[in-house]
Amino acid sequence: MDWFKEMSFYQIWTRSFSDGNGDGIGDLYGVYDKLEYVKSIGVDGIWFSPIYPSPNADYGYDISDYRNIHPDFGTLEQFQKVLNKAHRLGLKIIMDLVVNHTSDEHFWFQESRKGKDNPYSDYYIWRDEPNNWDSLFEGKAWEYDEMRGQYYLHLFSKKQPDLNMDNPKVRQEVKDIMKFWLDMGVDGFREDVINFISKREGLPDGIPFVPAIGGMMHYKDGPHIHEYMAEFRKVAERYHAVQIGEGPMTNLNSAMRYLTGDSKSLDMMISFDHMMADCLFTEYVNLPFSLVRFKHAVSRWQTALNGKSWNVLYLENHDHPRIISRYGNEDFWRESGTMLAICYLFLQGTPFIYQGQEIGMTNIKLPTIDHYKDIASRKNYERFLSFEPPEKRLHRVHVSSRDSARTPMQWDNSKNAGFSPVEPWFYVNPNYKEINVKSQQDNYFSILNIYRRCLALRKKSKTLLHGSYREFYPMHPTLYMYERVYEKIHYLVICSFSEKKQTVTLPKEYQGKKLQLVMYNIAGHEDGSDPVFTPYEARVYRCRFD
Ligand code: GLC
Ligand code: CA
């Protein structure tokens, strides 16, 4: 049994979690003090988005030192304290491993720029002439460096030069970084854009005139990816560490090669399919939410991985706006927030909950683009400048910006939402007076307490942990219904995605059976026999089939 399968994780984006030393920036002192809270949600581990030194061109995903802690967040010693306390509380810790690129301020890059006979010369991807690839964040994927007299590749921002993973020394560095953190006691890694690390030899041109992703066929799941991943796997295995890969644009078939068989190199893959039920690639194209699209994506992964591998279950992270504002409904804030929790926490896989999701934080709507800090949001605003009026572009930012997930955590209704005694580094969502941890602690039907009860229920049921998955009514536009089955014990999860009442017909095999209502989100509905579901109502029934 793989240890991570019966767990759930809480993701901390430290800068906005809790400011422990009063400078307006979240830090590891704040995390230390809030570990009991994290534990109280019922999770078993924490994933830290990068907390290493970084000039913050991409808020931590541009790392300038892999073996240290960002001074904004504390010290290595403070990290060790957090780690020890977390372990004492029974919480595992996984770190973000960002090795597709470094910061341009990393020592390796500063050396590499110096010339071709530098020991770090081949740590990055240098060319005399660029190819036609675009960066995913800004303009072309190549930047000319005066000092070196060549162009370097950057799939993300200019300040994130891509490492040359074909260089065995670079791979050795990655393995050494892994060992450094594993020796310190961390329990595994979330591996950033890991399916991009092997680029096709010769870096051929991609499809012309396809913005942003035209070159992707030459670096996604590249020619040597599985060899490199096997090397990293060996290190992780020695420590029984979990490896979770982030696979942007991954599809099920290519994911399977990381997850199963001889090339298995990851325990789980963070897929994006189900996060594209209201968009294409989050910030590029916004579409109306389609439940059918969502269910289709979830069901494909649930079915394909059953018995073969394991899913990451998530609805939010630091790269996506808030889920209530997307797949839920701010007018039915509590109902849709609790329904969304119920809809995904009982799937097969390891749930991830992003800070603030458990209290139903929603998107912020800042008045101008200058208020936003995220490079992707700002560059996308520019990208569409020529053909969309400003209001439309700002609307696009309101619905899709990653910054919506990066506003300070709302702890209580005091000044700055209890996040910091001084003005925080980024805007607090003005709804903090209503939406905060404190106001939900003692309310049985609060979003927070429904998360708690769902995690507790999941943990004590073999069916919910390991059972098979089957979906009913896949084409139904406002109802998501699925069952989990393990031996004789069935669970039936029914979620209404409608702002109107709807009458639900149970699948034939459940009709006339004794159904026990084990989870529900509407006060007064504990009877569970009414076929009419109120807006965003969700119920989970347990049933024994003899
Ligand atoms: C991943 C991260 C994202 C970052 C990008 C580049 O997608 O989750 O935040 O911007 O990689 O590192
Ligand atoms: Ca601080």
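This is a predicted model: local features need pLDDT of at least 70, side-chain atom pairs count only at pLDDT 80 or more; totals for chains, interfaces and linings use all residues.
Residues are numbered from 1 along each chain as its sequence is written, chains are lettered from A and ligands numbered from 1 in the order in which they are written, and side-chain values use heavy atoms, with hydrogens and water left out.

Let me start with the domains. The assignment, whose bounds come from an automatic or database source, gives domain 1 as 1–97 + 311–362 + 404–460, domain 2 as 101–162 and domain 3 as 467–544. Between the C-alpha centres of domain 1 and domain 2 there are 34 Å, and their contact, meaning heavy atoms within 4.5 Å, takes nine residues from domain 1 and 11 residues from domain 2. About 720 Å² is buried between these two domains, with carbon and sulfur atoms giving 59% of that; buried area here is the accessible area, taken with a 1.4 Å probe, that two parts lose on being put together, summed over both.

Next, the cores. In soluble globular proteins, nonpolar side chains tend to be buried together. A nonpolar core is a set of buried Ala, Val, Leu, Ile, Met, Phe, Trp, Tyr and Cys residues joined through side-chain atoms within 4.5 Å, and buried means under 20% relative accessible area, with exposed over 50% and partly exposed in between, using a 1.4 Å probe and protein chains only. The largest such core has 156 residues, and F48, F79 and Y480 have the most contacts inside it. Not counting residues up to four places away in sequence, Y480 touches a list of residues including L291, F294, V298, L347 and F497. Another core lies apart from it and has 18 residues, among them I125, L136, L155 and F156.

Turning to charge, the structure as a whole holds 36 salt bridges. One of them joins K5 to D2, with the closest N and O atoms 3.5 Å apart; K5 counts as buried at 17% relative accessibility, whereas D2, at 33%, counts as partly exposed. Another brings E316 and R322 together at 2.7 Å, N to O, and here E316 is buried at 3% and R322 is buried at 0%.

A further salt bridge, between D374 and R406, spans 3.8 Å from N to O. This pair links distant parts of the chain, 32 residues apart, with D374 in the loop between β13 (350–354) and α10 (375–383) and R406 in the loop between α11 (390–400) and α12 (437–440). Helices (H or I, at least four residues) and strands (E, at least two) are DSSP runs, numbered from the N terminus. D374 is buried at 1% relative accessibility, and R406 is buried at 1%. Through shared partners, salt bridges join D58, D319, D374, R402 and R406 into one network.

Y32 sits in helix α1 (residues 28–41) and is partly exposed at 25%; its C-alpha atom is 8.3 Å from that of A86, 54 residues apart along the chain.

A376, in helix α10, is buried at 6%. Where does the chain bring A376 and F156, 220 residues apart in sequence? Their C-alpha atoms are 9.2 Å apart in space, and, leaving aside neighbours within four places in sequence, A376 is in contact with F137, E283 and R402.

H490 lies in strand β16 (residues 489–496), is buried at 10%, and has its side chain joined to that of Y510 by a polar contact of 3.0 Å.

Notes: A salt bridge is a side-chain nitrogen of Lys or Arg within 4 Å of a carboxyl oxygen of Asp or Glu. A polar contact is a pair of N or O atoms within 3.5 Å; within protein, one must be able to donate a hydrogen and the other to accept it, and residues adjacent in sequence count only if both atoms are side-chain atoms.
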